[in-house]
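Dear colleague,

Please read it with the model open beside you.

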Amino acid sequence: MTGGSKTFTKDTNRLAFAVRLALSMSALVATGTVFAQDAGNSDQANPQSAKKLETVTVTGSRIRSADIETAQPVATITQADIQKTGLVTVGDILQNLTIAGQPTFSKAAVLTSNTEEGGQYINLYNLGENRVLVLVNGKRWMTSLAGFTDMSTIPAALIDHIDVLKDGASAVYGSDAISGVVNIILKDHYNGAEFSGYVGQNQKGDGTQQAYSFTVGSTGDKSSVVFSASYNKTDPVWANERSLTDYTFGPNHQLTGLSSTGIWGRFQTLDPTTGLRTGPYYVLNHTGSWDGNGIGQDATQIGDYHQGVNRYDDYYNPTQQMMAQFGSELKSIFTQASYNLNDYVTFKATGMYSERDSVTQTAGYPLNSLSQPKFPVYISGQSYYNPEPGKDLFFFRRIVEIPRVTNESAKSYHFDASFEGAFDVGSHTWNWDTGFDYNKFDVSTVGTGNINLLNLQKALGPSFKDTDGIVKCGTPGAIIAGCVPFNVLGGPSVSNPAAINYINTLEQSNEQSLTKDFTANITGGLFDIPWGAGTVSFAAGYEHRQINGYDHPDELSSLGYTTDLAAQPTVGKYHTDEFYVELNIPVLKDLPGAKELSFDVASRYSHYNNFGSTTNNKYSFLWKPIDDLIVRGTFAHGFRVPTLADTFGGGGETFDYYTDPCDSNFGYLSNPTVAKACRAAGLPANFTQTDNAGNPVGGPESQGTTPFFTGFGNAKLQPERSLSRTVGMVYSPSYAPGLDFTLDYYKIEVRNEIITLSADQVLNYCYVYSIQSYCNDFSRDPVSGQVINLQRGNVNLGGLITSGYTFGVNYHLPEFSFGKFTVTFDTNYLKNFIETATLGAPQQDLVGQFGLPHFRANLGLDWQLGDWGATWGMRYYGAFKDQCVFDGECNQPNYTNSSWATGPGANRKGAIVYNDAQVRYQLPWNGSIALGARDIFDKHPPITYSSSGSSTALIDPTLDLGRYFYLQYNQKF
């Protein structure tokens, strides 16, 4: 209680200081003894008010200016643009950006065991979602413990516009703004009321989306208030409803990705001397095959089993119980108000609450005796259902009776309050603000379908048939109360619902991330340049930010007593004090060859109580040689501090998808370095990565059979450093009014990169790149040679470099008798994406591979005639090269790339183009209706074997799953 009281006192003192600062500045301005003021009540009599309305703060700068042209490349998405996309979530809207990369978490990542799995995030330039700073109304938005900002918590209906700064901005905003800044501006001043409704559905009848919102507001001379409520719902898409997602490796390799843990019991006997399993596999005889249908024979009779695992009749296709895309539901309320305390000071406040509920389902657990190696469970030799009485048995069986279902509820709380105002210093207007922001992100997770191993041990322990004909746990005279014996080998056809309910476990976990932010800012003109170039302007400010959070995993699972991944608690906190200053210096104006030339310099000093101090600078220029042309450029240093999860993470188990480099079928033995290292490890030339039936895996990126360990916090982590460079131009030819061209070059370098290693990275850094330290992070089973005990934590590792060009065209054509047309074109050319494993390691350029195509583009045509309008859009995703995995799927056999561990050969996947259309009409009663379709020609994404195994099929989760229709209606009152 004492610690909490002190914290509250400090927070209260800071808030009180902010209020006193605001009121004192108000009083200073109100005296009128320093600054000239005309009497009266008109706008002319209040130059502060008039000048305040004339200036704005553009994303990427803290300086208020009447000119929105800046040296930074900024893309703006308006509410009208959003309406034309047919998209209802902020994450989907931003994923349409051509600089948006492959998402770490997506609606298809149903196998990802993170609290982030139900959210939506933006990955600019493929540099990672936690290297993007997300602001709402210019203020930091809430993040998870791992630093991810879930944008599904922000209702799209509330958005006025979205600014995307395509450049680093740590000198302006602080940590995280490495790849860019997304600033979501919500509606504020509003008069009247508005209702909007939306419903859409895939042509196959699934993935239905609904979105409804109501907004009401009033704006007067001294105050304004806006209130909005919204509701969004997205239904799931099931993997078995589409041929693309019905099988792990797609429709051309239906049997390859089947799970070796089938729904019928399999066992080996245990050697009573060594405790190790021995002898052949016995599998229960059954009808049916890997589709899960059929009836098993009597599991208590050894004669009803066959020796060996029949591939594929004894396997199972787990995608039959899985979602291809999860479902979610979002409810939110929002209010924003402002009040002019006097002519000089305005009070503003914003409150928002949103609740996102998402549900994911994966197949029933592939259970075996060592699902938790530290708590093995065997079939007792005294079990009534043991086919070999007197012998303990090691068993395997997928529990399809209870699919694993995760219900996640993410509650977002935001509140901010500020005072702001303006005053004159001589002939220049200065604007100031001071305020407090509060963000809390609570995630509660409830899961079912994992197995309670304590109960399972009893259910598979000694049991007998009592005189009443009922099989009971224990022995005569020592019955275990509440226990229900489980015939685990008998399969689902003989399952006892009471036994299934007994071994099922209800898991509950909670995570919270809390941020408190105190800010004070001031900006204005300092003095005029004597030769008439303009006014030297500045911005300066202070920020104190407190971050704390926790992750409390399910207690039983944390102890290793369930089949869920055992995770340990995370608790941590830190705070920072930051000061910044920005200066804009006009140099030339209205001269031949220099209609305008100005420079902008920003610097930010940050002191973290756990990492020390850092100073980051940014330099920008804007040159207008002629009225039609702007040339701009930036040079910026950036940083990202380790998140709470990076530093304090408790870590846990994971069943990774990976490719063993030493696998003779899908590994990298064609690489001489790998072949030599594998032989040195004592592996035979015909070694294969195996499934838990002991058979070779059917493809690359197969799931491991033993848990690895990941996510451990590292208190020695240091901040990432970045260097961003951009140079570009904006050309608006006077001979073609309404026509604008933009061209920008970018290069972003990230050093001292903070990453959580993947299993593939650990293995490849060891075998492909011969980095010995990674070879120490895993071992191999002395008998089978399989990878075991792999540990992958958080490290500062090597770096990333990406570079490329963005090009855009926007043309508002002259109005014709048959309507007004607007043509838009936006493209990103990715020149390089270079990864360095560690300091001194060779650079690997990954561009052109999955998720990193050279080209991505959007083309749009908009038409408006009176009350009618229409839009046609084309989304282009460039070609890329995939691994050569299966015979007959290698159309570039001679391709070589030093970054490709698989050796020579590639399978080129062609570009894909999606077409979208919308028709809309403005109704006479102040309403509007729109009918649209996405992916009109029903294109299907390509199957790719390079993608992660965390989704239900090897397709790009950002692409459409087929033709989609929607209807939306808006009514203003």
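Strands here are DSSP runs marked E that hold at least two residues, and they are numbered from the N terminus. Please keep in mind throughout that this is a predicted model.

With that numbering, threonine 654 belongs to strand S31, which covers residues 650–654. Its relative accessible area is 11%, and because buried means under 20%, threonine 654 counts as buried. Apart from its neighbours within four places in sequence, threonine 654 is in contact with Leu565, Thr706, Pro707, Phe708, Phe709, Thr710 and Arg792. The side chain of threonine 654 also makes a polar contact, at 2.7 Å, with the side chain of aspartate 656. Glutamine 791 lies 137 residues from threonine 654 in sequence, yet the two C-alpha atoms are 9.9 Å apart in space.

Salt bridges

Over the whole structure, 27 salt bridges were found. In one of them, arginine 725 pairs with glutamate 749, with the closest N and O atoms 2.8 Å apart. This pair links distant parts of the chain, since arginine 725 is in strand S35 (residues 720–731) and glutamate 749 is in strand S36, 24 residues apart. Arginine 725 is partly exposed at 28% relative accessibility, whereas glutamate 749, with a relative accessible area of 16%, is buried.

Another salt bridge joins the side chains of aspartate 916 and arginine 875, at 2.7 Å from N to O. Here too distant parts of the chain are linked, with aspartate 916 in strand S49 (residues 912–922) and arginine 875 in strand S46 (residues 868–877), 41 residues apart. Aspartate 916 is buried at a relative accessible area of 11%, and arginine 875 is buried at 4% relative accessibility.

Arginine 640 and aspartate 646 form a further salt bridge, in which the closest N and O atoms are 3.9 Å apart, and both of these residues are buried. They also take part in a network of salt bridges that links Arg131, Arg640, Asp646, Glu720 and Glu753.

Aromatic rings

The count of aromatic pairs comes to 39. One of them is formed by phenylalanine 347 and phenylalanine 419, whose ring centres are 5.1 Å apart and whose planes meet at 55 degrees, so the pair is tilted. Phenylalanine 347 is in strand S17 (residues 345–362) and phenylalanine 419 is in strand S20 (residues 404–425), and the pair thus links parts of the chain that are 72 residues apart. Phenylalanine 347 is partly exposed at 29% relative accessibility, while phenylalanine 419 is buried at 13%.

Tyrosine 745 and tyrosine 805 form another tilted pair, with 5.1 Å from centre to centre and 55 degrees between the planes. Because tyrosine 745 lies in strand S36 (residues 739–751) and tyrosine 805 in strand S42 (residues 799–812), the pair ties together parts that are 60 residues apart in sequence. Tyrosine 745 has a relative accessible area of 23% and is partly exposed, and tyrosine 805 is partly exposed at 35%.

Beyond these pairs, Tyr281, Tyr378, Phe394 and Phe396 make up one aromatic cluster.

Charges over rings

The charged end of lysine 440 sits over the ring of tyrosine 413, at 4.8 Å from its centre. Likewise, the charged end of arginine 62 sits over the ring of tyrosine 580, at 5.3 Å from the ring centre.

Conventions
Residues are numbered from 1 along each chain as its sequence is written. This is a predicted model: local features need pLDDT of at least 70, side-chain atom pairs count only at pLDDT 80 or more; totals for chains, interfaces and linings use all residues. Side-chain values use heavy atoms; hydrogens and water are left out. Rings of Phe, Tyr and Trp (its six-membered ring) pair if their centres lie within 6.5 Å; planes under 30 degrees apart count as stacked, over 60 as edge-to-face and the rest as tilted. Helices (H or I, at least four residues) and strands (E, at least two) are DSSP runs, numbered from the N terminus. Buried means under 20% relative accessible area, exposed over 50%, partly exposed in between (1.4 Å probe, protein chains only). A charge sits over a ring if NZ of Lys or CZ of Arg is within 6 Å of the ring centre and within 35 degrees of the ring normal. Contact means heavy atoms within 4.5 Å. A polar contact is a pair of N or O atoms within 3.5 Å; within protein, one must be able to donate a hydrogen and the other to accept it, and residues adjacent in sequence count only if both atoms are side-chain atoms. A salt bridge is a side-chain nitrogen of Lys or Arg within 4 Å of a carboxyl oxygen of Asp or Glu.
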